[in-house]
Amino acid sequence: MEETNREAVATAVQRVAGMLQRSDQLDKVEQYRRREARKKASVEARLKAAIQSQLDGVRTGLTQLHNALCDVKDIQNSLADVSKDWRQSINTIENLKDVKDAVVQHSQLASAVENLKNIFSVPEIVRETHDLIEQGELLQAHRKLMDLECSRDDLMYEQYRMDSKNVHDMNLIRSYFGQVQGLSEELSKQLWMVLQRAMVTVRRDPTMLVSVVRIIEREEKIDRRMLDRKKQTGFIPSGRPKCWKNRMNEVLEGTVSGRIESTQSETRESDKMWLVRLLEITRRYVLDDLTVVKNLMVQCFPPHYNTFQVFLDLYHKSVSVRVQELAAENLEANEIVSLLTWVLNTYKSGEMMGHPDLQPECDVKQLESLLPQPVVDDLLGKYLKTFTSNITGWLRKALETDKKDWQKETEPEADQDGYYQTTLPAIVFQMFEQNLQVAAQINETFKEQVLKVCLKQMNSFLVRYREEAIAYKEEHLKDRQLPQCYVQYMIAIINNCQTFKESINSLKRKYSHSTEPTQNDAAIDKLLNEVAKEGCQFLLDEVFLDLEHHLNELMTRKWLTGTHAVDTICVTVEDYFNDFAKIKKPYNQEMTSEAHRRVVVEYLKAIMQKRISFKNADERKDGADRMMKEAEQFKFLFRKLSAGEDTDRLCDSIAAIAEVFKLTDPALLYLEVSTLVSKYPDIREEHIVALLAVRGDASREMRQTIIETLNQNKPSSSSVFQPVFRDITVPSISMTSMTAMTSMAVPKLLK
């Protein structure tokens, strides 16, 4: 206590020292003293209040403890009295055993008296119940059945209570009521029959269905009551629980399953469209039945049965089982497509489960897939394998049919623009289109897969198409009179390539979301171009076979003295190109350019073959004039065939050579040859030698001088030029000429 006082004094000293640090604060001493006095009074008041509160709480607690002690003593006294009374009453309870037995016997007798009427009238009630069942009065029959079962169960329960081991009496009661169990089974059969025909019954007599549901509900309540009593007493009547609600669900499930299985009325042997018919019948049955359930049947069942959802699940399960059975069969390709289209699209569409009549109760988003994904993938794989095999066969047959048309004596058909064509592209792409339309019904991924198969098979098909076109040409060369319409059908083959290109692009635009070119695309384009160009080459070969005799007349003595070889050549080419006008772009333009090039090259070959050697200036002038005239004829012809396009450069090569021949002053020959070489850089040394040989007046020294000078002063060529002389070879010269030119250089390119 003294320590506390010292600490308080020390604290007070510190506070006073803090307050009176300056001289001006001495004036406020009285003010400080009053403030501290107020604080002290306030603290003392709070302390007194807190102590008083604690004292009141202690006083209340002591009072409650005292009351509790009194109560404990009272309870202790009461327990002692109860214990004393219990010991005194043990003997009395043992003396009441006879009363207890009498009470049990009285209860049994009371139960017997209560059921006495039913006991004596059991045979009569059984007959009445049987008649009511046969008459279809199921509710009344069930009422009587319940009375009989109640009497039997009460008697058996009382017997069980009195002596549960008395099997004889229990069997006696069971035997007396033996027909009751038979009535129960007979009634249940009638109930299941009504439920099996529920779809028909609910339309014709919904009250019958309601009665069945009420009976089942009664039995469920009795089952629950009996099970509760079993928990309490251990006794349950024979035949309980009946579980008729579970049995009802089994019957309904069997009914729905049978309904779905009954949809197949045809087989593949009797009808190729058996699966389509089966699926359509299934669709109608399911839609009609669920509509009946939604509009009529739900009214016959209690709400807690969730009737529509139960039936929806049953139908979905049964349909799933059925389609899995179908998927396991050896289905053909078209049947696989029909099944998958129905499963993946039709089933959840507005035609079936998504139908407005089933909304909003039927949520198609909650429905699981009818087929597991592995089964779907297996079916798709099987279809692609079959489709690949089939498309190969179809394409082979289509090509065989087209080949037969090539042998016809009548021209092929022309399209609306007058271009020859055969039916092959239409047949091929009609097959592709049909299968892609079918694939699109399944899903986008599968459609892309089918398109890839089509393009891959198209690639293989074009290889065979090219081989057949070559074989067609080879066969024609054995006898050029056959087939009669060779040219026209070769034109159709060329045009088909363009049609194939357009059709492939159309299919890709329509059925593929990918715009990136694939390896197949490049291969197909390459093959089509090769087939078309080879076809054009075959046709030009046909033209030049007819021109061969007239081309051989060029640059000969007969040609110099006067011949109509070039006139005939122009007429023949123009006649052929009247047919070639039925070739589609761009092949007709390419063919015209190639024909122009080949005519000029053949003409130049005739010059290089040195079929003639001019003897004098007059012959050179006549020959040069004739060459210029014929060059103009070629220009006119190919301008006409090319619809006005520039065709002069090739023909100008003939005129340029004519200028070399026409030159009268041999001293200027080098300049003229140099001009020729500058215009056509691909001309070679042997070409110059051949030209000088045809001219006929160039001495050995002049030829050697021209060649050497040109070799030393090679003219620069333009970066872009069309080769003319590159593919022209000069035949080997005679021994005499060889001796005369032994000193000449080996032929080589001037550039």
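## Salt bridges in the structure

A search of the whole structure, which is a predicted model, finds 47 salt bridges. Side chains of opposite charge can pair when their charged atoms come close.

## Glu149 and Arg240

The side chains of Glu149 and Arg240 form a salt bridge, with an N to O distance of 3.0 Å. Glu149 belongs to helix α6 (residues 138-162), while Arg240 sits in the loop between α10 (206-233) and α11 (244-261), so this pair ties together parts that are 91 residues apart in sequence.

Glu149 has a relative accessibility of 2% and therefore counts as buried, the cut-off being under 20%. Arg240 is also buried, at a relative accessible area of 10%. Both residues take part in a network of salt bridges that links Glu149, Glu219, Asp223, Arg240 and Lys242.

## Asp415 and Lys584

Asp415 pairs with Lys584 in a salt bridge whose closest N and O atoms are 4.0 Å apart. Here two loops are linked: Asp415 lies between α15 (373-406) and α16 (424-442), and Lys584 between α21 (565-580) and α22 (587-608), with 169 residues separating the pair. Asp415 and Lys584 are both buried.

## Lys662 and Asp625

A salt bridge also joins Lys662 to Asp625, with the closest N and O atoms 3.6 Å apart. This pair links two helices, Lys662 being in α24 (residues 648-662) and Asp625 in α23 (residues 617-641), 37 residues apart.

Lys662 is partly exposed, with a relative accessible area of 34%. Asp625 is likewise partly exposed, at 28%.

Conventions: Residues are numbered from 1 along each chain as its sequence is written. This is a predicted model: local features need pLDDT of at least 70, side-chain atom pairs count only at pLDDT 80 or more; totals for chains, interfaces and linings use all residues. Side-chain values use heavy atoms; hydrogens and water are left out. Helices (H or I, at least four residues) and strands (E, at least two) are DSSP runs, numbered from the N terminus. Buried means under 20% relative accessible area, exposed over 50%, partly exposed in between (1.4 Å probe, protein chains only).
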